[in-house]
Amino acid sequence: MAHRTASRIPFAFVIVLTSCGAQPPPDAPLSRVHEAWDAANAPARLEWKVERSFSKLPLTAKTSVTPWADSYWPTYRGGLAWRWQATGDTTSFGYNLYTREQAKSLSPSQLTSLSPAEKYDILQGRFDYPLVTAERRRTKPDAEAWEGLCHGWAFAAVNFPEPKPLVARSVDGIEIPFGSSDIKALLTFYQGETFTPAPARRFLGLRCNVDLAENPSAATSRACRDTNAGSFHLLLANSLGRLDRPLIADITRDYEVWNHPLFAFRTQVLGSQPPSEGASPRAVREVRVSTRIEYVREGNPRWETSIGTPFNYTGSDVFLYRLELDADDAVVGGEWESDARPDFLWVHERPKFTNYYAKLGELLEASTRSEGSRPE
Amino acid sequence: MKTSRPSLPLMCQYPSSLVFPFVLAFLGAFTLLSGCDKASGTPSSERNTDVFPPRAPEQSNDTGSGRSVGKGRGQGVIAQRTPELLSTVRPAPLAPTPEPEPVVVLPSPAPLPVGEPEVRTPSEALVASYTRTCESARQKAAAARSTNQPPSFDADEQTAFVLYELALVRGCNDVAAALAPKEWIDLTGKQLRTTSFFELLVNARTLLLQRNLLSTQASLEGLKALRTLRSLSLSGNPLEDAEAFMALSGLSWLKTLALSDTSLPVDALGTLASFGALESLHLRNVRLSQKDVRSVGALSRLKVLDVSGSLVTRLPTSARAAEREPLSLLGNLVRLREVDLTSTGATHLDFLTRATRAVEIRASGNAITALPEKPQWTSLQALVLAENPLSSLAPLAPAPGRSANRVPALRTLILEGTGFDDVVTASRLTSLSYFNYKKTPAAAAQRKCPLEDWDACES
């Protein structure tokens with residue numbers, strides 16, 4: 001029984017985090033958080049080997065690899081069952097699926113316009129369309145516009161190289177053109193929706209699941225006032241600056257979840273001062289900082305790759321906060337001054353391509369090795 | 001945002017008119033055990049909670065209480081009593097070894113300083129000397145600005161100029177008056193080579209001197225006069241002089257002392273015993289001898305100890321078993337709340353068995369093979385044990401016949417790099433709300449959702 005209960009937890013997280021959106025966060029009243037981090041905000045949750053000394057951490061960094069931009073595959077469009085290159089009604093909810101014989105007679109242009117899920121099912125010779133069926137079950141046309149697969153995209157964009165377009169031959173001999181975003185969609189789905197055990201996902205900070213525009217008083221609740229500013233800075237500087245690894249964060253504070261890969265930051269020290277009232281008991285001073293983060297944003301799906309083009313959309317935010325330092329200059333807490341702050345940070349390890357997704361690994365390898373090559 | 005503190009005995013503010021001997025005797029005994037400050041009527045738990053904020057001046061004549069203290073906002077407050085006054089004079093429990101071991105007698109707790117330190121005012125001669133040096137430095141700085149060159153100060157001029165900039169006044173004559181009321185002084189990374197003229201900082205309670213160039217006893221002489229200091233950081237200074245630490249011996253009211261990343265030679269910490277009020281000690285990346293560790297172990301009021309990365313010189317193998325683990329000499333530190341033993345070569349944590357107030361223990365990168373058999377870690381929230389050759393986590397599991405965990409407050413357990421799947425399962429750690437280990441159990445590596453059976457995945 002305990003095992004069954006435990007096994008539900010990751011799924012619950014997935015449901016909770018399955019969301020993305022385009023609306024800016026509401027202007028909630030200022031909620032100042034200044035404290036040593038609690039168990040939910042301890043940096044060790046994501047990375048135990050962090051350098052904690054502020055003076056030894058870089059003030060600016062950019063990862064050597066830039067994550068790729070792509071769609072968040074909106075739920076209201078049908079997710080991966082969205083025929084994103086087709087004209088007319090492109091949602092996944094109305095079109096008929098082709099039989100094997102019909103698929104064999106499709107023109108390259110018609111095959112190109114299929115959804116990523118259809119292409120992948122046809123590639124495997126599965127004309128019962130398990131992936132399309134699963135996506136139709138998962139999605140709904142009346143979902144909120146911001147809901148989608150950003151939780152999968154943000155990690156896929158970091159964990160996998162950007163795929164290039166290619167034509168792949170199915171087990172039935174059908175030559176299926178895959179655009180870059182077709183493969184990105186499959187990677188996004190696999191990263192975000194294929195369940196792995198709890199240790200594969202680690203979170204820092206609690207999710208604020210409140211619309212702060214409607215309920216501004218909730219801004220002071222535990223879940224809506226974290227992530228702790230000290231933890232955020234430590235992980236940002238260590239991940240991007242020391243480990244050369246993008247950091248995934250929900251950059252909006254309240255109930256909407258917009259996961260983005262953070263790949264660059266610049267911190268400006270504005271001053272040093274005694275610890276504020278309520279600071280971490282270990283703190284002997286505070287440094288006031290302004291940190292600008294840069295992240296890759298969602299965009300429309302594309303046939304060609306995005307990195308190196310204007311279509312690899314980026315965004316930036318500026319956070320103002322204080323870092324509480326102990327007598328060794330180690331960051332032991334933090335306090336937000338800006339209302340804007342990330343809701344939570346998390347890591348999700350790269351999944352292995354197994355079972356129905358083994359072919360996806362081949363597809364990715366072929367698409368990154370040489371443009372136009374075909375998997376066996 | 002403060003967390004509510006544990007309720008306190010009403011007796012903490014008993015009326016002074018009580019004169020009956022038996023009543024007084026009862027109150028005296030109760031006060032000793034509950035931690036009331038007889039002089040002020042202030043509960044010791046309240047004072048302990050605010051020990052660290054530098055802006056909260058306080059008395060430190062607490063004679064020790066059996067109550068643990070709250071961590072502050074966002075942390076659980078755990079109130080409990082232990083007969084600590086009795087336990088602190090006992091030797092620390094030793095590492096379990098097959099052969100009988102001699103009892104290690106730890107040093108007695110360091111004596112507490114008596115009376116409030118006298119606040120002095122800088123002498124006229126000092127102020128005059130400072131003003132002259134400051135004027136000289138200002139002239140050099142002005143000349144350097146005109147040539148776009150950095151000024152070439154001698155050590156005294158450098159200090160005088162830094163203090164002048166700190167004071168934010170127009171002329172050197174005004175510096176002493178401007179600095180006198182300052183309680184919090186941050187001189188981090190100012191390239192100071194001497195603490196001359198620091199007598200001007202007559203009310204300094206927090207003095208941050210990290211990453212300067214202080215290296216000798218003489219360079220620290222100016223600190224002697226700062227009798228009101230509570231927090232001092234000298235981390236990141238090239239303190240190479242074996243006698244350098246002697247210059248601090250008069251600062252007996254210090255509560256926080258940081259000497260990390262210094263070049264202090266071994267055996268330099270012998271005078272630590274005079275810091276009886278010390279509650280937070282930072283000794284990262286320094287060389288420590290057994291004698292140094294023994295000095296640290298005598299600081300029975302310590303709440304925060306960071307010796308991460310510090311190499312402890314061990315005695316020859318013929319030494320007694322307990323001394324083969326020099327950190328065993330820390331067994332008297334039962335008030336520790338946060339301890340960092342990362343990369344110290346520790347082989348066990350038995351000396352922390354009685355650390356009932358410990359909230360966080362960090363001991364990664366060591367040679368720890370097992371946890372204490374019966375840890376009294378009732379307050380422990382985070383245990384970081386990555387990269388240790390652990391073979392069992394049994395002490396963390398519920399005792400036979402009991403549903404409660406031995407470490408009930410534990411929320412974060414980091415075991416990365418220990419290859420621990422089976423042990424986690426065998427130790428019945430499922431009651432932990434969180435633990436983190438890198439290796440994924442193979443049986444649950446991948447689930448084929450949603451393609452095979454979506455509903456099964458949900459359940």
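Trainee: Where do I start? How many helices and strands are there in chain A?

Mentor: Start with a head count, and keep in mind that this model is predicted. Chain A has 10 helices and 11 strands, while chain B has 10 helices and 12 strands.

Trainee: And how much of chain A counts as buried?

Mentor: Of its 376 residues, 54% count as buried. In chain B, buried residues make up 46% of the 459 residues.

Trainee: What share of the contacts in chain A join residues at least 24 apart?

Mentor: Take contacts between residues at least 6 apart in sequence: in chain A, 76% of them join residues at least 24 apart. Count chain B by that rule and you get 56%.

Trainee: Let's move on to domains. Into which domains is chain A divided?

Mentor: Domain 1 takes in 28-69 + 205-348, and domain 2 takes in 75-195 + 351-369.

Trainee: Now sheets. What is the general idea?

Mentor: Strands of a sheet pair through backbone hydrogen bonds, in either a parallel or an antiparallel way. Chain B gives you the parallel kind: 10 strands form an open sheet in the order S1-S2-S3-S4-S5-S7-S9-S10-S11-S12.

Trainee: Which strands of chain B are the edge strands?

Mentor: Strand S1 (184-186) and strand S12 (412-414) of chain B, as each pairs on one side only. From one strand to the next, the twist averages 5°. Look at one end of that sheet: strand S11 (residues 382-384) of chain B is joined to S12(B) by 3 bridges, and the two run parallel. One of the pairs to find on screen is Leu383(B) with its bridge partner Leu413(B) in S12(B).

Trainee: Where can I see the antiparallel sense?

Mentor: Go to chain A, where strand S9 (residues 314-325) and S10(A) pair that way over 5 bridges. They form a hairpin with 5 residues between them. Leu325(A) has Val331(A) in S10(A) as its bridge partner. In the turn, check Asp329(A), which has a positive phi of about 75°. Strand S10 (residues 331-336) of chain A is mostly covered, with 6 of its 6 residues buried.

Trainee: How do I read helix packing? At what angle do H4(A) and H7(A) cross?

Mentor: Compare the axes. Helix H4 (residues 116-123) and helix H7 (residues 180-193) of chain A cross at roughly 85°, and their axes come within 9 Å. H4(A) and H7(A) are therefore roughly perpendicular to each other. On H4(A), Pro116(A), Lys119(A) and Tyr120(A) meet Asp182(A), Ala185(A) and Leu186(A) of H7(A). By class, this contact has 4 nonpolar, no polar and 2 charged residues.

Trainee: The numbers on each helix step by three or four. Why?

Mentor: An α-helix has 3.6 residues a turn, so residues three or four places apart point the same way.

Trainee: At what angle do H4(B) and H5(B) pack?

Mentor: About 90°, for helix H4 (residues 124-147) and helix H5 (residues 155-167) of chain B, with their axes 8 Å apart. Among the residues that meet there are Tyr130(B), Cys134(B) and Ala137(B) in H4(B), and Ala160(B), Phe161(B) and Tyr164(B) in H5(B). The contact divides into 7 nonpolar, 2 polar and 4 charged residues.

Trainee: Last one: is Ala237(A) buried or exposed?

Mentor: The cut-off for buried is 20 or more other C-beta atoms within 10 Å. Ala237(A) has 26, so Ala237(A) is buried. You'll find Ala237(A) in helix H9 (residues 229-242) of chain A. Leaving aside neighbours within four places in sequence, Ala237(A) is in contact with Leu57(A) and Pro58(A).

How values were computed. Residues are numbered from 1 along each chain as its sequence is written. Chains are lettered from A and ligands numbered from 1 in the order in which they are written. This is a predicted model: local features need pLDDT of at least 70, side-chain atom pairs count only at pLDDT 80 or more; totals for chains, interfaces and linings use all residues. Domain bounds come from an automatic or database domain assignment. Two strands pair if DSSP finds at least two bridges between them. Helices (H or I, at least four residues) and strands (E, at least two) are DSSP runs, numbered from the N terminus. Axes are lines fitted to C-alpha atoms, for helices over the stretch in contact, and angles run from 0 to 180 degrees between N-to-C directions. Angles under 35 degrees count as roughly parallel, over 145 as roughly antiparallel, 65 to 115 as roughly perpendicular and the rest as oblique. Two residues are in contact if their C-beta atoms, placed from the backbone, lie within 7 Å. Ala, Val, Leu, Ile, Met, Phe, Trp, Tyr, Cys and Pro count as nonpolar, Asp, Glu, Lys and Arg as charged, and the others, Gly among them, as polar. A residue is buried if 20 or more other C-beta atoms lie within 10 Å of its own, exposed if 12 or fewer, and partly exposed in between; C-beta atoms are placed from the backbone.
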